[in-house]
Amino acid sequence: MSGSALYETFARVPLTFDRGEGVWLITDKGERYLDFAAGIAVNSLGHSHPHLVAALTEQAAKLWHVSNLYEIPDQSRLAERLAEASFADKVFFTNSGAEALECAIKTARRYHYANGHPERFRTITFEGAFHGRTLATIAAGGQQKYLEGYGPKVDGFDQVPFDDIDAAEKAITAETAAILVEPLQGEGGIRSMPVQSLKRLRQLCDKHGLLLIFDEVQCGIGRTGKLFAHEWAGVAPDLMAIAKGIGGGFPMGACLATDEAAKGMTAGVHGTTFGGNPLAMAVGNAVLDVVLAEGFLEDVQRKALLMKQGLAAIADEFPEIIEGIRGSGLMLGLKCAAPNAKVNTALRNHKLLAVPAGDNVIRLLPPLTVTDAEIQEGFTRIRAGAKSLAEALTAAK
Ligand SMILES: *Cc1c(COP(=O)(O)O)cnc(C)c1O
């Protein structure tokens, strides 16, 4: 056996975190890191948020799991709250983002099946997309590096260039069931689908009888300063996948649907063992308690502006390292002029955690609870990282 007993699928950084407090992660050696990665937009309320800790520990002392064979009151309650706060009428809970997408794709296919059109099963997706790592979701994402070596790509996905709505229209055939899009791409490099394009996709779906599916696994649950990113565009989907932030670190996801879109999802056609279990539901409800509290999202918007302005100033100072700032809310990207892996390492050397993305971007995804002072501390570290990398690159010339 070479090295560890784990699959070698992750190239891990040699850092071990022992504790977390809010926006801070503390290593086994007692070093403190400012966490602007937040488990890739998962720790929406930071680490060890007292309300989440209380919700989970109280539930843990009461009941962990019963299966969806029985009523789970907190599951119904969380579904009602999500429906109340969104376009949706119905919710299916999962353990992950990929499973939420699988549910959305299956729901779209069953919708057409229920309408007497079983031949309509194909989904149109956009280049640079990321929808998860199951066989269907790698086919939906369409990225060659994730498809390689896994045999024939799962059928039923047609990809068009990013933000090319004319191409999306041309790709529609008698077999098309749905269009799937991230309103703001995460892994793809913090790329926003313009408001106008989201509106046109809605019109296309209405015109051709297709379901519009939004993947808000990364950009949802307050990340952009609205509960859901698509609210900025004033466009509602028929189906939506969420995960990451709704669990605040507890593994969970959900597929949200209108009554109409969910009409094919009758008893027995889909299922899950763990999805919606009492532990996850206790945490999901607790996350919503905080995110939906009066003024919380407005404060995210205010802090987002502060962050974007500060980062733009740093980009001006170090154009050889950072070309520009993109994204919205607390889902921001540093479009790098230097290789993003080098930038990421430089930031980590200054004890700030970020996440590389496609298109030579570094993602900054701080917990939504980050304070103004912590944002300023982040600027200090990003500036220091950029400066040291700029000096190293000059010295190497
Ligand atoms: C992370 C992510 C997924 C996949 O979620 P998993 O929980 O890893 O399965 C899907 N879509 C988007 C946009 C994501 O960011």
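This is a predicted model: local features need pLDDT of at least 70, side-chain atom pairs count only at pLDDT 80 or more; totals for chains, interfaces and linings use all residues.
Me: Is Ala262 buried or exposed?
Reply: A residue is called buried under 20% relative accessible area, exposed over 50%, and partly exposed in between, judged with a 1.4 Å probe and protein chains only. Because its relative accessibility is 15%, Ala262 counts as buried.

Me: How many salt bridges does the structure hold?
Reply: Side chains of opposite charge can pair when their charged atoms come close. A salt bridge is defined as a side-chain nitrogen of Lys or Arg within 4 Å of a carboxyl oxygen of Asp or Glu. By that definition, the number of salt bridges in the structure is 23.

Me: How many residues apart are Asp155 and Arg122, whose pair links distant parts of the chain?
Reply: The side chains of Asp155 and Arg122 meet in a salt bridge, at 3.1 Å from N to O. Asp155 lies in the loop between helix H6 (144-147) and strand S6 (157-160), and Arg122 in strand S5 (residues 122-126). Asp155 is partly exposed at 47% relative accessibility, whereas Arg122 is buried at 12%.

Me: In which helix do Lys303 and Asp299 both lie?
Reply: Lys303 forms a salt bridge with Asp299, with the closest N and O atoms 3.7 Å apart. Lys303 is buried, with a relative accessible area of 4%, while Asp299 is partly exposed at 30%. The two are four residues apart, about one turn of the helix, and both lie in helix H10 (residues 296-317).

Me: Which residues make the nonpolar surface patch of about 310 Å²?
Reply: Patches are made of residues with over 30% relative accessible area and no salt bridge, where like charges are joined within 9 Å and nonpolar side chains (Val, Leu, Ile, Met, Phe, Trp, Tyr) within 5 Å. Accessible areas come from the Shrake-Rupley method with a 1.4 Å probe, and for residues only the protein chains shown count as cover. Val154, found in the loop between H6 and S6, is partly exposed at 31% relative accessibility. The patch is made by Val154, Tyr150 and Leu135.

Me: Which element gives the most to the lining of the second largest pocket?
Reply: On a 1 Å grid over the protein atoms alone, a pocket is an open set of points with protein on both sides within 12 Å along at least five of seven lines, and lining residues have an atom within 4 Å of a point. The second largest pocket is lined by 25 residues, and among those nearest its centre are Val91, Phe92 and Phe93. Elements giving two or more residues to this lining include helix H3 (73-84) and strand S4 (90-94). With four residues, the element that gives the most is S4.

Methods
Residues are numbered from 1 along each chain as its sequence is written. Side-chain values use heavy atoms; hydrogens and water are left out. On a 1 Å grid over the protein atoms alone, a cavity is a set of points where a 1.4 Å probe fits but cannot get out, and a pocket is an open set with protein on both sides within 12 Å along at least five of seven lines; lining residues have an atom within 4 Å of a point.
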